[in-house]
Amino acid sequence: MELWIGALNLGFLYAFLAIGTYITYKVYNFPDITVDGSFTTGAAVASVLIIGGMNPFIAVVFSFAAGACAGFVTGFIHTKFKINGLLAGILVMTGLYSINLRIMGKSNIPLLNSPGFVTIFEEYNPGINHELWILILVSLMMIVVWLLLSRFFQTDLGITMRATGDNPVMVSASGINTDKMKIFGIAMANGFVGLSGGFVAQYQGFSDIGMGVGAVVTSLAAVIIGEAIIRHRSVFLKIVSVIIGSLIFRLMVALALLVGLDPNDLKLITAIFVLLTLIASGAFSSEKKKINFPLKFSLSKNHRRLFASLAAAVVLVVLFFLVYKYTFQTSVQKKLTIGIVIANDSDILIKTRDGFLSEIERIGYKIGDDITIIEKNANGDIPTVSTIVDNFINQGVDVFLPISTASTQAVMNKVKEKPVIFATVADPFVIGVGKNNYDHPPNVTGIYGTMPIKELLDVITSIYNRKLKLGAIWNPSFPNSVHNIKVLQDVIAASGTAVLEGATITNSSEVYQAAQSLISRNIDVFFLIPDITVYAAFESIVKASRANKVPIFTGDVERLQDGAIAVYGYEYFVSGMQAAHLVDRVIKGENIASIPFENYKVVTVGLNYDIISEFGISIPEEVKAMSNSKVENGKFYKNEIDPSVFAAPSIKRKAALFQFTDNALLNETAEGVRSYIEKNNFGTKYNLTIDNKNAQGDFATAQSIASEIVAKKYDYVVTVSTVAMQAVANGNKKIPHIFAAVTDPLQSGVAKTFSDHQPNLTGLATPQPVESTLKLMREIFPDAKKIGMLWNPAEANSEICTKKAREAAKTYGFILKERIVTNTNEIEEALKSVIADGIDIFFTSGDVTVSMAVPSIAVTLLKKRIPFITNTPADIKDNVFICLGADYFEVGEEAAKILERVIKGEKTEQIPIQLFVPENLSINLKIAKELDIDISEKIVSRASRVVR
Amino acid sequence: MIVLENINKTFNPDTINEVKALRGINLKIKAEEFVTVIGTNGSGKSTLLNIIAGSILPDSGRIQISGVDVTRKRDYQRAKFISRVFQNPFSGTAPGMTIAENLLMAYQRGKYRYPKTNLNKNILDFFREQVKSLEMQLEDRLDNVIGTLSGGQRQALTLLMAVINKPEVLMLDEHTAALDPKAASQIIKLSKKFVNAEKLTTVMITHSMQQALEMGTRTIMMYKGKIIDDIPLSEKEKMTVEDLLNKFNELRKKEQLTDELYEKFRKEYY
């Protein structure tokens, strides 16, 4: 039943859209295309606000307002500038595309982990089926809207609105400004459209820049279907008919999917259905020309009504019959069913599926005998993806295999228990599926990865051996493309071996022009990231490439034969194969929660020797040696893939990564640990899974996490922060324990000296580099005498830092002027007093209380022309002059290195604690200039970050 | 009540389609006067009505209604003074809405509309009373959609809508021309009844010389955008259609009109 209830829910939420279209098209006789844009606007506004923490029901009020603004603009330009209504709608719709992108900031916002109205409804669920509960509440909501709206159309204003559509001359003669009425009505209609978008985004779990495409047609279909079923002049029944029309439309889509219609044909079927309904309703309503049926059967008014009700009844009976039949049939199914959800027909998704099918058979499953595979393709229509998922749930699919990001989003939103294995997703974390390879929803795993951009750039660099100008083309409405370009920019910035020339396009017909414009900007090579729009017109780039001998480098092996000179990337066929192995593991009973996400395991390096000789480019031997596929004399060759690389590693190990709280320093450290683990494939190399634990700053929680770690018999534990270390060290004397982000382990009681420590633990001591900081001060300010410092004696770490500062002050000939604070309120006063002492420099080290007030301290000091120096690199953004601190990301990486040594068999008791302070210097030269500080180029060159 | 001073209006100026619709019209209509306007096609009588109603704004000149300068006011802004009945019986009513809803629109002429339900029993009773006075048995069909009524019924309703909220000026624009003779005479009867009962200041365009003489307290004759004759009640009462035609013939000579035009006038009005 899930399928039908899901369809009804969608129908109700889309009914707001249909109401909008009813107001413009039926009440005003104004075909309004704005809805294609304002629907997305509503979704975008709601998503952004909900992510920002707003209540979902208040957020949709803003969706309504945003939609209404769009409608207002359409109405305004239509009436004031006398622009044709269709054209006005198209103009606003086109403009909204950019505005929607601006609102969203990217083309897709996941709401998977944000509370939508569905989550709020669920809180009050008395224990019935989730979708059914939503249906009950949504239909109640709809009844309220229906009554209010119908009532509205019977008020003076409502009557005037209807009359404006019916006879504007008469309305104008009764003293009404019809232009204002039109603007008001179109705004109101688009308000409902925005509301619909806001709700649909929450229901489907994301908003997407393309979700409004076709909104005008589907809503028109709903209005017309409704009108065909209920024909009555009462406003109440007219609005009911719109709602019912929307429900029936969604049920039809569900039905079409269920009986196995290709959703690609769905659009044609919709068009034909709408046309037939129009013709039929014309036959029923036309006053002047009655269509005579065969046998001279002419319908009187009452007969007409009867006939219409009969037709509606037949449709409903057929619907229910089919529902019954298919629900019944599917419940008999016993075999394990795998449901493949494909978002659209693009090459890479189809290849993934083929890879999956071929590998699952090679592993030994007989499709049809051992497992059943059903596959549905949404052909790029987002609401259809959702309906496909409902359909699969209804058919009792056991394992979901969404291919592509959009499919994964839709499946994730509906499937909370059954296993989901995704494939060919660029980055599951941006769509909210998990936080890292190990920390993911317990029913989900999959294969992901983006093109190895750095590696390809390295290949190009080794071929040319000089600084290059790369040309890239991409469609900015795809989040993956934008992400990849950002990665490319970062890689280029880090390597310094190239510069980037970019050209953006919005459809494939612009690609050739973009390619030529890049060539005219004298690029050396094309560097193409995977982009569906660009690949659709790949031939046009090849044309430009060959005409100007500018070679194409890309990540997609399929492009090698098309005319790329070299590729370095992943084969989507392999992504499917890899997914087949995950499915195999799940079928064999492995707990999906402990299967980490996998990156692509096989890299394809391909060379096109035809192009190489045509362009006369020489390829170094080491690049040739790397390649595992090639094109020669027009033929494609590739090395066989050894399927054993996909197999799961044998001994399982698990580690806990325990961080005390969420602050920048600890997050960076934990990120460093994870990054090293991922980059070095601990998952596959050592079969290691990592569980992330975070006490969120709560000591009691930290304790229970520590005991959980012991109880669950983790193989390793990595702690981040002193408190986390202490909590674990307390209760755990066995599990190897590596700590990081600890200022002074000796003070914390886990060790007497760096080599004499509790036997099961080791790690890194990372104190604030107080001594080096004072040394640096002396270098920059040879004549400075007094250093001001505030600190809170309640903080143990701060006390250590202050003591160090006192000693270093002696060494470097400073006088330390200290003031004590116990909370942030006292800081301003204390600062004034220390400034009055005539200090030359102000310094703060590891004090948490003072660190909270860094921005305001910086402002005061700048006014007094006193340089401000801290030990926290992140402070540089708050107008601090110099920050000399530890790079905690590196600390995290270093801790992971120790973990690796332990995994490889070294004993913790034999690994001494290391003092590890990877110094990270940041300098703000703007402040130097403002304060007339002369800072030598030598010092600046040591800085890893310079604000100019 | 209505004062027009030196009104000029040219359509499509400076093109080959240039039409000087009104040339220096000066006209004063007193309160409770009932003016009938006659003239050949293209004489400017409809433009004159549209200028008074505000559907067309003049190129120059001044318009006052009830002492208010409305020269630059749009039709919907003048609607609180003026109500109109058009030639086409379909123009004055909204076909998709009920009789009651149409009457409500007319009843609130010139007022702001709020999302407030005023279509209650009291007002429906009042409407029923009013519709009864049309003597067309429509009083029990207030909930029927206007689109289902005949042209005569719709025009009668339009007339009722025009007077239901007593206007300062009633404008009738050949409002019987599109009806069959029986319906036309019914509408004329109703028009006289309403105008007399409410003592309305009225401007009526007609193509029937009979109607022009029979109705109203004053008749003006238009030609080529000018008022060429203004016949007061005292003169009108004694006149026959033949007299009117002769009068036009005289004017023709005075204004050096052609015989052809006389023929045209005779044909159109006889």
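Guide: Let us start with two neighbouring strands in chain A. Strand β6 (residues 420-425) of chain A runs parallel to strand β7 (residues 444-448) of chain A, and four bridges join them. One pairing can be picked out by name: V425(A) has Y448(A) in β7(A) as its bridge partner. Keep in mind that this is a predicted model. In general, strands of a sheet pair through backbone hydrogen bonds, either parallel or antiparallel.

Now widen the view. The two strands belong to an open sheet of six strands with parallel pairing, in the order β4-β3-β5-β6-β7-β13 (chain A). At its edges are β4 (371-377) and β13 (598-599) of chain A, and each pairs on one side only. Helices pack on this sheet. Helix α14 (residues 347-363) of chain A touches β3 (336-342), β4, β5 (399-403) and β6 of chain A. The direction of α14 makes about 135 degrees with that of β6(A). Helix α15 (residues 382-394) of chain A also packs on the sheet, touching β3, β4 and β5 of chain A. The direction of α15 makes about 175 degrees with that of β3(A).

The rest of chain A gives the setting. Its secondary structure comes to 37 helices and 29 strands. Of its 948 residues, 49% are buried. Among contacts in chain A with a separation of 6 or more, 74% are between residues 24 or more positions apart. Take L776(A), which lies in helix α30 (residues 770-780) of chain A. L776(A) counts as buried because it has 20 C-beta neighbours inside 10 Å. L776(A) and I882(A) are 106 residues apart in sequence, yet their C-alpha atoms are 9.8 Å apart in space.

Chain B has a sheet to set beside the one above. Four strands form an open sheet with antiparallel pairing, in the order β2-β1-β4-β5 (chain B). The edge strands are β2 (19-29) and β5 (68-69) of chain B. Strand β1 (residues 2-11) of chain B pairs with strand β4 (residues 60-65) of chain B in the antiparallel sense, over five bridges. Here I2(B) stands opposite I65(B) in β4(B). Helix α1 (residues 45-53) of chain B packs on this sheet and touches β1, β2 and β4 of chain B. The direction of α1 makes about 60 degrees with that of β2(B).

Next, follow a helix of chain B. Helix α6 (residues 181-198) of chain B has 18 residues, so at 1.5 Å a residue it should span 26 Å. Its end C-alpha atoms are 26 Å apart, which agrees. Q186(B), I187(B), I188(B), S191(B) and V195(B) are buried in α6(B). Their cover includes β3 (34-39), α5 (151-163), β7 (169-173), β8 (201-205) and α7 (209-214) of chain B. Just after α6(B), K199(B) takes a positive phi of about 50 degrees.

Last, see where the chains meet. In chain B, 29 residues are in contact with 22 residues of chain A. On the chain B side, α2 (75-78), β6 (82-85) and α3 (99-107) of chain B each supply at least two residues. The largest share, four residues, comes from α3(B). This side of chain B divides into twelve nonpolar, nine polar and eight charged residues.

Terms used
Residues numbered from 1 in each chain as written. Chains lettered and ligands numbered in written order. Predicted model: local features only at pLDDT ≥ 70, side-chain atom pairs only at ≥ 80, totals over all residues. Expected span 1.5 Å × (residues − 1). Buried ≥ 20, exposed ≤ 12 C-beta atoms within 10 Å, placed from the backbone. Contact = placed C-beta atoms within 7 Å. Nonpolar A, V, L, I, M, F, W, Y, C, P; charged D, E, K, R; others polar. Pairing = 2+ DSSP bridges. Axes fitted to C-alpha atoms, helices over the stretch in contact; angles between N-to-C directions.
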